[in-house]
Amino acid sequence: MLDLIIESRPRDLGGGLAVGRVLPFARRRMVGPFIFLDHMGPAAFRSGEGIDVRPHPHIGLSTVTYLFDGEIHHHDNLGYSLKIQPGEVNWMTAGSGIVHSERTDPSLRSSGGLMHGMQAWVALPREDEETAPAFAHHGVEALPELADRGVWARLIAGAAYGLSNGVRTFSPLFYLHAELKPGASLAMPAEHAERAAYVVSGTISHDGVSHPAGQMLVFSEGGEPVVTAEGGPARLMLLGGANIGPRFIWWNLVSSRQDRIEQAKADWKSGRMALPPDDNAEFIPLPKDSPGHAD
């Protein structure tokens, strides 16, 4: 049964990149452990343009960047510096604290190009919130796929449809990129308590109702709700998992404890969190006011 429809809300991040903010939402803060979801682009950068997300901190979560088009260069204070390309996964676990930046590499900036992808945050269970920070890159070859009756899907993380991979997660979850040919149908995985389908492009139908790009369908527990590509092909992101309890979120900081958020704010403001060694000439200052995400 369909529980809620969330419309993505436009946000301008500057530099020609617009995003659709999906999570958190005032009526639904999380789906499983997923506490943040942005649809980036698509954006057509001209020569000299690109992404410049300056160094900033995270605690209490894992971030995952997934691209359909384009390229992003990741830098963090663990010393990792590498590019992510379409179909690959950068899974960064902040835990007790990490600082990273995301940029368009100079080699790509000179020519411009298309940027399109998803950015998600996965909150860590209470017992793992202070785990040591870590970063892992997974190539396309490490992410299993399925193809059946007009449906193609790639498992980004977790487990679903009999697929699993080596991406380290800390709670039961699933995250997939799915492509449906016109008229093809896909049932949501029954083994997960909380489930959602975000429409990246195209239109899908559920129980006879059409849902266009930019909508996320959140389903209640139980059963196997089915979505169908309507009128043409559709691209979806499927996500969800076990409920891990409520979280505080302030700016880029996530925790089950408000006092931990305050400590992280103080650490960043005082310079106690190191910057990436190869990207340390600038950073995003601590905001003066709470930049709440749920609206």
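A cavity is a set of grid points where a 1.4 Å probe fits but cannot get out, and its lining residues have an atom within 4 Å of a point.

I am working from a predicted model. I looked up the second largest cavity and found a volume of about 30 Å³. I listed its lining as S62, W91, V122, A123, L124, P125, R168, T169, F170, S171 and L173. I sorted that lining by class and got 7 nonpolar, 3 polar and 1 charged residues.

**Entry 2, the largest cavity.** I noted that the structure holds 2 cavities of 30 Å³ or more. The largest has a volume of about 70 Å³. Its lining is made of T63, T65, I72, H74, I84, N90, W91, M92, H100, E102, Q119 and F135. I then asked which elements give two or more residues to this lining, and wrote down β6 (61–69), β7 (72–76), β9 (89–93) and β10 (98–103). The largest share, 3 residues, comes from β9. By class I have 5 nonpolar, 6 polar and 1 charged residues here.

I traced an open sheet of 4 strands in the order β17-β22-β19-β20, with antiparallel pairing. β17 (185–187) and β20 (209–212) stand at the edges with a single partner strand each, so one side of each has no neighbour in the sheet. From one strand to the next, the twist averages 30°. I also checked strand β19 (residues 203–206) against strand β22 (residues 226–229): they run antiparallel and are joined by 2 bridges. S205 stands opposite T228 in β22.

Key:
Residues numbered from 1 in each chain as written. Predicted model: local features only at pLDDT ≥ 70, side-chain atom pairs only at ≥ 80, totals over all residues. Heavy atoms only, no water. Pairing = 2+ DSSP bridges. Axes fitted to C-alpha atoms, helices over the stretch in contact; angles between N-to-C directions. 1 Å grid on protein atoms, 1.4 Å probe; cavity = no way out; pocket = protein on both sides within 12 Å on 5 of 7 lines; lining within 4 Å. Points joined across faces, edges and corners; volume = space filled by probe spheres on them. Nonpolar A, V, L, I, M, F, W, Y, C, P; charged D, E, K, R; others polar.
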